[in-house]
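New page in my notebook. I want to look up a pocket first, then the aromatic rings.

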Amino acid sequence: MGKYRFETEDHELFRKSLRKFLQKEVEPSYDNWEEDRIIPIDIWRKMGEMGFLCPHVAEAYGGLGLDFSYSVIILEELERVGTSLTGFGLHSDIVVPYIESYGTEAQKKHWLPGCVTGDHITAVAMTEPGTGSDLANIATTAIRDGNDYIVNGQKTFITNGINADLVLVVVKTDPKKEPKHNGISLLIVEDGMAGFSRGRKLNKVGMHAQDTAELYFENCRVPEENLIGDEGKGFRYLMEKLQQERLVVAIAGQVASEDMVEMTLEHVKSRKAFGKPIGSFQNTQFKLAEIVTKVEIGKTFLESLIEDHIAGKEIVTKVSMAKYWLTETAKEIASECMQLHGGYGYMEEYKIARRYRDTPVAAIYAGTNEIMKTIIAKNLGL
């Protein structure tokens, strides 16, 4: 759908380098990863070596010190290959920023270099079996015991849950605090800590290569040095970072839509019915005219939000709109494009089938689209 306004020659070179890497190291293996239901850890190290993880991290901690525009390019190119690569964006642009923004100097020196190289893989553990959108009512506790916290609870639907060795866990350090969200804190739980275990790798409808897991904490002892920021301020930190998280999801939804348009246009021009290309039928033309219009409008809105976000503006309402509208649009486009592929669209070897499976969950994670509408309504004064 064309370049962003902010793209310079440096961005173009960065994109070409990334695309070449993905064509060589990722695309040939992607189908196998989907079958294996996991992405091998060695590809994380390769991404790190090339500078494609956490490009925004300061040079002092091994990063490139770039702005979010480079993350946008990485997010786009990964999504073009497939939604199962979403864990890289979660690591770089959702979890690591908590350490960058709220971590101590010692924590940054200890963890950030490994996050950049891919030696550390991160996850964020918010959702619980009985608590999704209602974050203030999480049940996982972290009770102080001397210089440690004793963590007990269970988390589920955790992206990177199998591969992660650093998990940012949302906990209640003061379960009796009122209002409840003031009792929430953030702790880094590390692989190998006694009492921390992983459940099964969850079998999802789509995004098969993305490892998603249940996590268990049974009297898991976590040193106080692993507390991110101040005790009791976890909810505030989460709210501050959700703008970028939802922007990341909106970008993925837009790219998925663009990809589906491209593959469908190609198909309707080459596939024939009744002796002529199905793209020559008025119904096909009208459907694609509608779809392409929605994609173009989405791109324009998204571009303005990315620019505002890079400029440091508070755009929570508009990001909520983008996350909701772009992911719902992607779901509609997946259905329409599958229909335009006919029977072929239902075959696994056609990429549209995978898009159809992978797309719907974006309307659920990072805050359901119903929560997005609630935020928009609240900010309208309703």
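Predicted model: local features only at pLDDT ≥ 70, side-chain atom pairs only at ≥ 80, totals over all residues.

What volume does the second largest pocket have? I get about 360 Å³.

I find 21 lining residues, and Glu240, Lys241, Gln243, Gln244 and His309 lie nearest the centre. Two or more residues each come from α4 (68–81), α5 (86–102), α7 (234–270) and α8 (282–310). Helix α7 gives the largest share, six residues. By type, I have eight charged, seven nonpolar and six polar residues in the lining.

On to the rings. My search of the whole structure turned up ten aromatic pairs. I picked out Phe14 and Phe52: their ring centres are 5.6 Å apart and the planes stand at 80°, so I write the pair down as edge-to-face. Phe14 is in helix α1 (residues 9–25), while Phe52 is in the loop between α3 (41–49) and α4, 38 residues apart. Phe14 counts as buried at 13% relative accessibility, and Phe52 is buried too, at 2%. Both also belong to an aromatic cluster, formed by Phe14, Phe21, Phe52 and Tyr70.

Then I checked Phe196 and Phe217. Their ring centres are 5.3 Å apart with planes at 10°, so this pair is stacked. Phe196 sits in strand β6 (residues 196–201) and Phe217 in strand β7 (residues 212–223), so the pair ties together parts 21 residues apart in sequence. I have Phe196 as buried at 10% relative accessibility, and Phe217 as buried at 2%.

Last entry: the charged end of Lys299 sits over the ring of Tyr4, 3.9 Å from the ring's centre.

Notes:
Residues numbered from 1 in each chain as written. Heavy atoms only, no water. 1 Å grid on protein atoms, 1.4 Å probe; cavity = no way out; pocket = protein on both sides within 12 Å on 5 of 7 lines; lining within 4 Å. Points joined across faces, edges and corners; volume = space filled by probe spheres on them. Helix = DSSP H or I, 4+ residues; strand = E, 2+ residues; numbered from the N terminus. Nonpolar A, V, L, I, M, F, W, Y, C, P; charged D, E, K, R; others polar. Phe/Tyr/Trp six-rings, centres within 6.5 Å; stacked < 30°, edge-to-face > 60°. Buried < 20%, exposed > 50% of the residue type's maximum accessible area, 1.4 Å probe, protein only. Lys NZ or Arg CZ within 6 Å of the ring centre and 35° of its normal.
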